[in-house]
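Q: Could you walk me through reading the nonpolar interior and a helix face in a model?
A: Gladly; let us look at it together.

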Amino acid sequence: MTDRSTHTRGVALVTGASGGIGADLARVLARHGHDLMLVARSGDRLTALADEIAAGGAARPLVLALDLAAADAADRIEAALAAAGARVEILVNNAGFGLMGETGELGEADQLAMVDLNVRVPTQLCVRFMPQIKAARGKILNVASVVSYFPGGPGMAVYYASKAYVLSFSRALAQELLEDGVTVTALCPGVTPTGFQARAGMNGAFEAVPATSPARVAEEGYRAMIGGRREVAPGLLNAAGAWLMPLLPVGLTLKLVARAQRRRR
Ligand SMILES: NC(=O)c1ccc[n+]([C@@H]2O[C@H](COP(=O)([O-])OP(=O)(O)OC[C@H]3O[C@@H](n4cnc5c(N)ncnc54)[C@H](OP(=O)(O)O)[C@@H]3O)[C@@H](O)[C@H]2O)c1
């Protein structure tokens, strides 16, 4: 990455950094010498992570506690960066959540909030900070999911669809930005034990599925991003699933997913 500005410092902006995969992505980025801005709603957890990172000898991350779903979230991030004399050279769109249940049974507001956080927010942040990222010949890491490769997710339909969007958007963006020297990577984890499962209402439903630790997901995601890879599904099983899924008949896959999700509820 090239620092073309002598007046501002480049940071990696990490959304959803207060726990789970986002917190580990922040740790990996800090270990590799990147300055950070951490964003999530839980200010106390962000501050604790910033303290931990600073105690490890890295630069103290900027911390911004906000709800990314708020209409002025991108404006507030932009203002906080400007006030700190910082600009985005790496954007990590990680914040997101899922909800388990049939579309007709889950609430309208909850499902629209999922579309908002998983789809609108990463899109907006990519667009908003594109000029800064291009100027730095920087990088974008969008956290999708191994379910992005599925033809659909009956029993978790909006979540699967939102993550299919993230993969599709990231791939297209990677192509569009090729000549700008900006790389875009979709990180596609499988089951990763974090706060995600409780928030989704999974109640131990995935305990039998082999899991990958958030630390490993973050490490592989970071490596893929630095290597300029277009997508990565950490863990052998997930990588195999990502490769195999598009080859399977759509109808059969939908039936199998519906059956598995029903058993889990
Ligand atoms: N865990 C898995 O099995 C798995 C698998 C595939 C993909 N993923 C994806 O990985 C990403 C990270 O999830 P995770 O597993 O690490 O889950 P997590 O532990 O629940 O972390 C989610 C993060 O997003 C933040 N967040 C949620 N709503 C927010 C909002 N409205 N505004 C700002 N921040 C918000 C949370 O912080 P606050 O609550 O403090 O705001 C938290 O830092 C998500 O995009 C998820 O879809 C997870």
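A: A nonpolar core is a set of buried Ala, Val, Leu, Ile, Met, Phe, Trp, Tyr and Cys residues joined through side-chain atoms within 4.5 Å; buried means under 20% relative accessible area, exposed over 50%, partly exposed in between (1.4 Å probe, protein chains only). This is a predicted model: local features need pLDDT of at least 70, side-chain atom pairs count only at pLDDT 80 or more, and totals for chains, interfaces and linings use all residues. Residues are numbered from 1 along each chain as its sequence is written, and side-chain values use heavy atoms, leaving out hydrogens and water.

Q: Which residues have the most contacts inside the largest nonpolar core?
A: In soluble globular proteins, nonpolar side chains tend to be buried together. Here the largest core has 43 residues, and Leu68 and Ile77 have the most contacts inside it. Beyond its neighbours within four places in sequence, Ile77 is in contact (heavy atoms within 4.5 Å) with residues including Leu13, Val39, Leu125 and Phe129. A second, separate core of 28 residues includes Ala23 and Met225.

Q: Where do the buried residues of helix H2 fall, seen down its axis?
A: An α-helix has 3.6 residues a turn, so residues three or four places apart point the same way. Helices (H or I, at least four residues) and strands (E, at least two) are DSSP runs, numbered from the N terminus. In H2 (residues 43–55), Leu46, Leu49, Ala50 and Ile53 are buried. They fall within an arc of 100° (from the directions of the helix axis to the C-beta atoms), so they line one face of the helix. These residues pack against helix H1 (20–31), E2 and E3, while exposed Asp44 and Ala55 sit on the face turned away.

Note on methods. Expected span 1.5 Å × (residues − 1).
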